[in-house]
Amino acid sequence: MMIKVFGHKAPDTDSTGSAIIWAWYLNEMKGQAAQAVLLGTPNTEAAFVTQRWGFETPDIIADVEDNAPVVIVDTNNPAELPSNINQADILAVIDHHKLVGGLETKGPISVTIRPLACTATIMHDLMGDDAEQMPEAIKGVMLSCILSDTLAFRSPTTTPQDKALAESLAADLNLSIAQYAAEMFAAKSDVSAFSDSELLRMDSKEYAVSGTKFRVSVLETTSPKMVLDRKASLMAAMPSVAQEDSVDHVLLFVVDILNEEATLLIPNAIAQSVAEKSFGATVTGDTVVLPGVMSRKKQIIPNLKL
């Protein structure tokens, strides 16, 4: 049977690109029929990357069938995966997030979770000598994943291994990292075509704090004004998104890539409490700037308090 390779819902560049990379590896290096698929519409940066390197956007699936062989990348959280995931035949998990728990498998599987900034960096290691066979398009996608997840090395999640691999790939491709990253971030920053509810779900994860369920949304951009100009309508949309997604509240962090700071929208007392207790911020209006906050994984989620 065809192995489906996919990452988390609300697919970003690493989730989309890593599925493409690993499907290529299984098909071309291991002789196993594999297909990259997505669990939703990719964000604008991920769409740019797939087109830039000559790939069609992977098919979007709603769920997986019983016993269907799958490889999970860039997550290990059942809440971010198809509802029937524990009835599928999970063959492997390749990830760089904390272990959440809740996945069930048909038997022993290969699990690789490493403290690197990017799933694609882990994949390069796992390929060993086979990585030398990567065509330019796969190298380009791998480079894109690293630059996206490290925010071109600005994120505190960046490791020397991620940076060294990105620089090596860029040299192979004869690309300027600064110039290519700027193109990627420009694509990510153009959110004009998306509704408020789509923006709140575009790059988001569910997380519980002291029994309160949050949808923690992050929008990374080089044009924060484009998002913050819509703050009133975004905050107005938060209650309906929370209700539809069965969470208690939505938190939206607008990450300014160039100025290396995040702006948290403050629609209510809960968000104000989160800002004050989690980040030591002083809230005086409907937004608060959090200097140096760039990473949901390393700086936002671990610090959330009520």
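**Close-up 1. Asp-203 and Arg-296 pair up in a salt bridge, at 2.6 Å from N to O.** A salt bridge here is a side-chain nitrogen of Lys or Arg within 4 Å of a carboxyl oxygen of Asp or Glu. Asp-203 sits in the loop between H7 and strand E7 (204-209), while Arg-296 belongs to helix H11 (residues 296-300), so the bridge ties together parts that are 93 residues apart in sequence. Helices (H or I, at least four residues) and strands (E, at least two) are DSSP runs, numbered from the N terminus. Asp-203 and Arg-296 are both buried (under 20% relative accessible area; exposed is over 50%, partly exposed in between, with a 1.4 Å probe and protein chains only). This is a predicted model, where local features need pLDDT of at least 70, side-chain atom pairs count only at pLDDT 80 or more, and totals for chains, interfaces and linings use all residues. Residues are numbered from 1 along each chain as its sequence is written, and side-chain values use heavy atoms, with hydrogens and water left out.

**Close-up 2. Asp-196 and Arg-230 form a salt bridge, 2.9 Å from N to O.** Here the pair links distant parts of the chain, 34 residues apart: Asp-196 is in helix H7 (residues 196-202), and Arg-230 is in the loop between helix H8 (224-228) and helix H9 (231-244). Both Asp-196 and Arg-230 are buried.

**Close-up 3. Arg-114 bridges to Asp-125, with the closest N and O atoms 3.1 Å apart.** Arg-114 counts as partly exposed, at 29% relative accessibility, and so does Asp-125, at 39%.

**Close-up 4. H3 packs against helix H5 (residues 160-173) at about 75°, with the axes 10 Å apart.** That makes H3 roughly perpendicular to H5 (65 to 115 degrees; under 35 counts as roughly parallel, over 145 as roughly antiparallel, and the rest as oblique). Axes are lines fitted to C-alpha atoms, for helices over the stretch in contact, and angles run from 0 to 180 degrees between N-to-C directions. Thr-121, His-124 and Asp-125 of H3 meet Gln-161, Asp-162 and Leu-165 of H5, where contact means heavy atoms within 4.5 Å.
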